[in-house]
Amino acid sequence: MASLIPTPWLITAGGAVLLAATAAFGGLQTVPPKPVPVVSVGEQYSGSDLEMTVQGVELRAKGGNAASFPDKAKHEKVLAVIVDVVNTFDKPRLASGTGTPSPAVDGIHVDGIDEKPLIAYADGSSGSVWLQPDVPVRLVLSWVVGPDELHDGDEVRLTLPDSTHSVGTNVQRGVDIWDEVVVGATVTTTVQEIPASDEDAS
Amino acid sequence: MTIPTPAVAEAPEPQTPSPRQPGWWRTNRLALIALLVLIPAIGIGVGWNEWYSYYGYGARKVTAVEVPDKGTVKVAGAEWGPIRSGEIKDTSTLNMPEGTRLLAAIVPVTPDGKAVSCEPPMLVQQSTGREWTPMRSEVGIPYSYDENDTCVSDLADEKDPESAQPFSLTVGFVVPDDVTGPFWLDVDPRGDGRFVRFSIDP
Amino acid sequence: MKKVLPWLLTLVLLAGAWVLNAVALPDGSSEASFLTPATVGHAATARNLTLTVTNVRAARSIAGPTGKTLESTWVVVDVDAEALDSQYGATLGFAELTVGERTFRATERIESFFRARLVPGVPRSGAVAFELPSDALKGTGTLRLGIPSDARYDGLVELRVDLGDIPVEDAITLPATDWTRS
C-alpha cells in the first residue's frame, strides 16, 4: 500500500528549512568569539548583575583595612585592589561567591594569581560583605604575595567576571544562582606601592 | 427465505447448584496478606530511617541518663557530677533586668582519657519544658579562663590525646521570677544519643 | 444528547482546568513563612518569639557603640524582643525590609540587635539598621523580623511602614543591645 505520508518530501523540506535558517544566522561556519571588552581604571563594568569600577591596585607592606595578613617574618606583602561595587539585583547578595571561578566580586582575578581574593569593606567595617540592592560600596580585595613577586610600577591585568542568573528548580529550589562564569572584561593598570611608613600615617 | 425452525427446548437438567465462583477475598488472599505485611513494614522502615537520620549519630539528645542526687554518672567517656547549684542573690554589681533571677550551676567533669566535647548545658523547667542557655557577658560577668560554659579539651601532655584533665562547667542562667523549679540541667556530650540530666531546684 | 456529551464534558474540564490554574498559589508557597502582622508599639507573636517594634526612623548616618559612623541612607528600627519556649538557637536571625521590587537585609557593618540572643520570658532591646539607596525612602516598605535565618516553614513578624512618612534625622546612634528597661 502506498505510503499516505510523503516521507521523502517531508525530509527534504525539513532539510531545506534548516539550511535556510542557518543561512539567516550567518551560515554553518563557526562564529569567531567576540573579543572581551577592555575597561580602564575608573570605568564601570556590568557583569553578574554587579556594577564594578576598579579604582586602583596597591601593593602594601601592611594589610591596613584589607582582610589579608602578610607574614612580616617572610617579608610578604599584600596586593590590594580597590573596587566600587553596586549590586543591581533586587535582593541582597554576598560579595563572595562559591566555587572557582566565582561569579561574584571575588571573581575579579589577577593574571598570575590563582586564588580568590579576600574581601573587606574599605572603611574597615567588620563582618561578611553583603551587597544591598543599588547601594554603592567601596571594597578592598586582597591577596598575600611574596616579597619579590610584584614591584611598584609593574603592570597587572585584572579580569572581571560575568555570569548568567537563574533560579534553582530542583534541590536548590528558589535559590538565586549565578553560573556559567566567563571573563566579562579586562582591566590593565600599574601597581602602586604604598611604603610602610605612609600606611602608618594614614 | 425460510423461517428457521426454532430449537427444541431441551428438558431442563436436574437442578444442581452451579459451582460457586470463589469469593473476592479468597481469590485475593495472597495479595491481601502481602499488603498486611508490607504496609506496616514500609511504615516502620521509612519511619525508622527518618528518625535515625535526625536523631542518630549522637547528634541530638535522645535518652536521658538521670544522675542520682549528689551523685555522678559515667556517659560518653567521662564522669559527670556531683552538681552544685543555687541562685546568685547578690546581683548588685551585675547587669540584671528587673523581675529575673540568676541561677548558677557548677558541674565537675572528669574525662576517662580522651577529651570530651559537648553542647553548652541547658536549664529546663520540668513542668513546662521551657529551656534556657547559659549567659555570661550579657549580665556583665567578665570572662574567666577557668570558668567554661562548654566542655574543654585540656591535655596534661600536648602529645598524648589520652591525658585529658578534669574541668568544671560553670554556667549561669537568666530566668524570669515566675519560673519556679524543679529544673533539669541537661548536658549533651557529643558522640552519643544519651545525655546527662541533673535534677536541681535552686 | 450522546453526541453532545463528550463535547460538554470537554468544556467542563477545560473550564475547571482554567479555574484551577487561576487560583493556584505560586511555586514555593508550601514553604512560605507564617506571617504575624504587627503595628508599631504593639507586641506580636510568631514561633518562639514575641516582638514589639517601638520606633521606625530614618537617618543619613548612624553610629555604633564604638563610635564608628557610617554615612548612607538608613532606616533604623527599634525593637524589644523575647523568646517564648526555648533559648536554644534563639537569636534575631531574620531581618528584611522589602521596598517595591527590592529587598534589603539588616546591616552587619555595625553592631546592632541583628543576631542578638533572645531569652525566654526576659525581653531585650536594641535596634536594627537597613542600608538603602538614596532614592528609596518612599512608598510602603514591608519589614519582616524573626528568629531563623532561613525562614521557610517558620514564623515571622511583619510590619508595614510608610517610608515617606518617617522622620529623617541627620545622625542616629544605635542603642546598645541590652535588657529592656521600662
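How many residues does helix α2 of chain B have, and how far does α2(B) reach from its first C-alpha to its last? Helix α2(B) covers residues 29-55, which is 27 residues, and reaches 39 Å. That is close to the 39 Å expected at 1.5 Å a residue. The model is a predicted one.

Helix α2(B) is hardly covered. Of its 27 residues, the count that are buried is zero. Just after α2(B) comes B:Y57, with a positive phi of about 60°.

**Where the chains meet**

Take chain C against chain A. Here 13 residues of chain C are in contact with 14 residues of chain A. On the chain C side, β6 (102-105) and β7 (124-132) are the elements that give two or more residues. Strand β6(C) gives the most, with four residues.

Now chain B against chain C. Here 12 residues of chain B are in contact with 12 residues of chain C. On the chain B side, the elements that give two or more residues are β7 (131-132) and β8 (167-176). The largest share, three residues, comes from β8(B).

The table sets out both sides by residue class.

| Side | Nonpolar | Polar | Charged |
|---|---|---|---|
| Chain C side that touches chain A | four nonpolar residues | three polar residues | six charged residues |
| Chain B side that touches chain C | seven nonpolar residues | two polar residues | three charged residues |

**A loop residue in chain C**

Where does C:R152 sit in chain C? It is in the loop between β8 (140-146) and β9 (155-162) of chain C. Is C:R152 buried or exposed? C:R152 is exposed, because 12 other C-beta atoms lie within 10 Å, and a residue counts as exposed at 12 or fewer.

C:R152 also has partners from elsewhere in the sequence. Leaving out residues up to four places away in sequence, C:R152 touches C:E31 and C:S33. C:G28 is 124 residues from C:R152 in sequence. In space, C:R152 and C:G28 are 9.3 Å apart, C-alpha to C-alpha.

Notes. Residues are numbered from 1 along each chain as its sequence is written. Chains are lettered from A and ligands numbered from 1 in the order in which they are written. This is a predicted model: local features need pLDDT of at least 70, side-chain atom pairs count only at pLDDT 80 or more; totals for chains, interfaces and linings use all residues. Two residues are in contact if their C-beta atoms, placed from the backbone, lie within 7 Å. Ala, Val, Leu, Ile, Met, Phe, Trp, Tyr, Cys and Pro count as nonpolar, Asp, Glu, Lys and Arg as charged, and the others, Gly among them, as polar. A residue is buried if 20 or more other C-beta atoms lie within 10 Å of its own, exposed if 12 or fewer, and partly exposed in between; C-beta atoms are placed from the backbone. The expected span of a helix is 1.5 Å times one less than its number of residues.
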